[in-house]
Amino acid sequence: GKMKNSFGVIHTGALRFDIAAREAEVVGEQQRIEPLAVDEITDEAKQLLLDLGQSMGRGDERFGVPPAIATMLRHPGLYRRQLELGIQLFGYGALSSRERELAVLRVAWICRAPNEWGEHVGNARRAGVTAEEIERVTQGSSAEGWSDHERAILRAVEELLGDQCIADETWSVLAS
């Protein structure tokens with residue numbers, strides 16, 4: 001469903017779009033800026049990647065560097081700032097990992113961000129979000145099956161993206 005207020009449209013229900021077509025639109029035939037090759041990634045950047053992995057509960061295991069991140073590593077100072085925000089949100093935020101991933105997935109879906117969606121589906125699964133719940137995120141806060149608290153998390157995302165403000169009713173559920 002959709003609600004409209006004086007600021008804009010708030011999507012509380014399902015949003016349908018062609019994921020492959022959207023990815024082609026976002027990414028194009030190839031990235032405009034070439035990702036760094038593994039041997040071009042500095043030791044400092046490698047440490048930043050390990051710090052991010054640890055903040056996400058991945059410990060010291062090594063993981064691949066997605067092309068989008070390898071591209072951002074071309075400007076390590078800028079990426080460091082983004083990464084520091086990510087580390088704080090992932091490792092030290094007030095939301096549980098499950099709640100955080102529900103919110104991130106809803107943002108990714110509403111924004112039609114295929115790369116972000118793809119990255120966070122795996123994070124959500126590791127945080128205990130089921131495949132059925134991941135599909136339900138695409139249906140939004142109005143879908144049946146959410147707890148009141150989960151519905152409020154999704155609704156807060158929808159409201160923030162729709163009119164840059166969380167309604168008092170939604171905030172009241174989150175605050176409790």
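Is Arg100 buried or exposed? Arg100 is buried, at 12% relative accessible area, where buried means under 20%, exposed over 50% and partly exposed in between, with a 1.4 Å probe and protein chains only. Keep in mind that this is a predicted model, so local features need pLDDT of at least 70 and side-chain atom pairs count only at pLDDT 80 or more, while totals for chains, interfaces and linings use all residues. Residues are numbered from 1 along each chain as its sequence is written, and side-chain values use heavy atoms, with hydrogens and water left out.

**Helix α4**

- Helix α4 covers residues 76–92, which makes 17 residues; helices here are DSSP runs of H or I with at least four residues, strands are runs of E with at least two, and both are numbered from the N terminus.
- From first C-alpha to last, α4 reaches 22 Å, close to the 24 Å expected at 1.5 Å a residue, the expected span being 1.5 Å times one less than the number of residues.
- The buried residues of α4 are Tyr79, Arg80, Leu83, Gly86, Ile87 and Phe90.
- They sit on the same side of α4 because they cover an arc of only 130° around the axis, with the arc taken from the directions from the helix axis to the C-beta atoms.
- Over on the other side of α4, you'll find Leu78, Arg81, Leu85 and Tyr92 exposed.

**The largest pocket**

- The largest pocket holds about 1100 Å³ of space; the volume is the space filled by probe spheres set on grid points, which are joined across faces, edges and corners.
- A pocket, on a 1 Å grid over the protein atoms alone, is an open set of points with protein on both sides within 12 Å along at least five of seven lines, and lining residues have an atom within 4 Å of a point.
- Its lining counts 38 residues, and Gly86, Phe90, Val104, Glu116 and His120 lie nearest the centre.
- Helix α4 makes the largest contribution to this lining, with seven residues.
- Helices supplying at least two lining residues each include α2 (43–55), α5 (97–110), α6 (114–126) and α8 (148–163).
- By class, 25 of the lining residues are nonpolar, nine polar and four charged; Ala, Val, Leu, Ile, Met, Phe, Trp, Tyr, Cys and Pro count as nonpolar, Asp, Glu, Lys and Arg as charged, and the others, Gly among them, as polar.

**The second largest pocket**

- About 570 Å³ of space lies in the second largest pocket.
- This pocket has 19 lining residues, with Val26, Val27, Gln31, Ala68 and Asn115 nearest its centre.
- Helices α1 (19–27), α3 and α6 each put at least two residues into the lining, and α1 gives the most, with five.
- The lining of the second largest pocket splits into eight nonpolar, five polar and six charged residues.

- Arg100 belongs to helix α5.
- Leaving out residues up to four places away in sequence, Arg100 touches Leu89, Phe90 and Leu95, a contact being heavy atoms within 4.5 Å.
- Phe17 is in the loop between β2 (9–11) and α1 and is partly exposed, at 22% relative accessibility.
- With residues up to four places away in sequence again left out, Phe17 touches Arg22, Trp109 and Arg112.
- Phe17 and Arg112 are 95 residues apart in sequence, yet their C-alpha atoms are 8.1 Å apart in space.

**Two positive phi values**

- Most residues other than glycine have a negative phi.
- Arg112 is not a glycine, but has a positive phi of about 55°.
- Arg112 sits in the loop between α5 and α6 and is partly exposed, at 33% relative accessibility.
- Gln164 also has a positive phi, near 60°.
- Gln164 is in the loop between α8 and α9 and counts as exposed, at 58% relative accessibility.

**Two residues in helices**

- Glu119 lies in α6 and is partly exposed, at 36% relative accessible area.
- Between the C-alpha atoms of Glu119 and His11, 108 residues apart along the chain, the separation is 22 Å.
- Glu44 lies in α2 and counts as partly exposed, at 41% relative accessibility.
- Glu44 and Ile134 are 90 residues apart in sequence and 34 Å apart, C-alpha to C-alpha.

Key:
1 Å grid on protein atoms, 1.4 Å probe; cavity = no way out; pocket = protein on both sides within 12 Å on 5 of 7 lines; lining within 4 Å.
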